[in-house]
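Biologist: I would like a close look at a single part of this model. Please keep the answer plain and go through it step by step.

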Amino acid sequence: MFLPDDFVVTVMQGVQLKKHIDATLGSGNLRDAVRLPPGEDLNEWLAVNTVDFFNQVNILYGTLMEFCTPTTCPTMSAGPKFEYRWADGVQIKKPIEVSAPKYVEYLMDWIEVQLDDESIFPQKLGTPFPQNFREVVKTIFKRLFRVYAHIYHSHFQKIVSLKEEAHLNTCFKHFTLFTWEFKLIDKAELAPLIDLIESIVSVC
């Protein structure tokens with residue numbers, strides 16, 4: 001299949017950034033792993049990491065799909081005080097109450113549409129990111145956080161029984177440090193896990 005040179009260059013640039021992420025993660029210093037590498041474009045860095053975190057959350061939640069059902073989780077919640085309703089502004093304009101698995105399904109499908117839209121996540125070198133790119137990224141991260149909040153509040157004991165808690169905690173620590181570094185989630189949204197988040201940020 002023929003690919004134009006500028007597409008290949010952009011893909012290669014993404015590959016190089018991905019290698020940087022993997023290398024710094026391997027060093028064990030997550031604080032360094034989230035920082036914008038010298039000379040790199042901020043939007044490119046946000047784009048590559050958005051794809052990474054989307055994949056991470058997708059895989060993590062996938063391990064719980066048989067336990068997170070409409071029966072066990074009839075609403076998308078994070079403890080008794082926080083309930084999330086779904087709206088995408090296009091097909092579902094008014095927020096609706098859905099089960100946790102339905103919310104996550106809607107969310108992952110919606111994120112995939114954003115990632116595949118080249119007017120939002122451009123593939124060709126030189127194509128500018130849209131002016132609202134940061135706002136789109138913030139919405140993606142805010143909603144991905146809700147999946148973590150639901151997992152910690154509703155399924156942590158199951159994660160422990162599966163011996164996955166170290167992996168979950170590392171993924172969430174990486175996610176938290178990245179969102180904190182670039183101020184991607186408003187503090188009010190973080191309330192369901194704020195104690196855990198503050199312990200992560202203060203220790204690192």
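Biologist: How are α3 and α6 oriented to each other, roughly parallel or roughly antiparallel?

Modeller: This is a predicted model, and the answer should be read with that in mind. Two packed helices are described by the angle between their axes and the distance between the axes. Helix α3 covers residues 42-62 and helix α6 covers residues 165-181. Their axes are 11 Å apart and the packing angle is about 155 degrees. Angles over 145 degrees count as roughly antiparallel, so α3 and α6 are roughly antiparallel to each other. The crossing of α3 past α6 is left-handed.

Next, the residues in the contact. On the α3 side these are Trp45, Leu46, Asn49, Phe53, Gln56 and Leu60, and they meet His167, Leu168, Cys171, His174, Phe175 and Phe178 of α6. Sorted by class, the contact of α3 with α6 has eight nonpolar residues, four polar ones and no charged ones.

Tyrosine 148 belongs to helix α5, residues 133-161. Leaving out residues up to four places away in sequence, tyrosine 148 touches Gln56, Val57, Leu60, Leu168, Cys171, Phe172, Phe175 and Leu193. Its relative accessible area is 1%, so tyrosine 148 is buried. Leucine 193 is 45 residues from tyrosine 148 along the chain, and their C-alpha atoms are separated by 8.9 Å.

Threonine 179 is in helix α6. With 8% relative accessibility, threonine 179 also counts as buried. A polar atom of its side chain lies 3.0 Å from the backbone oxygen of threonine 176. Not counting residues up to four places away in sequence, threonine 179 touches Phe141, Leu184 and Ile185.

Notes:
Residues are numbered from 1 along each chain as its sequence is written. This is a predicted model: local features need pLDDT of at least 70, side-chain atom pairs count only at pLDDT 80 or more; totals for chains, interfaces and linings use all residues. Side-chain values use heavy atoms; hydrogens and water are left out. Axes are lines fitted to C-alpha atoms, for helices over the stretch in contact, and angles run from 0 to 180 degrees between N-to-C directions. Helices (H or I, at least four residues) and strands (E, at least two) are DSSP runs, numbered from the N terminus. Angles under 35 degrees count as roughly parallel, over 145 as roughly antiparallel, 65 to 115 as roughly perpendicular and the rest as oblique. A crossing is left-handed if the near helix is turned anticlockwise from the far one by less than a right angle, and right-handed if clockwise. Contact means heavy atoms within 4.5 Å. Ala, Val, Leu, Ile, Met, Phe, Trp, Tyr, Cys and Pro count as nonpolar, Asp, Glu, Lys and Arg as charged, and the others, Gly among them, as polar. Buried means under 20% relative accessible area, exposed over 50%, partly exposed in between (1.4 Å probe, protein chains only). A polar contact is a pair of N or O atoms within 3.5 Å; within protein, one must be able to donate a hydrogen and the other to accept it, and residues adjacent in sequence count only if both atoms are side-chain atoms.
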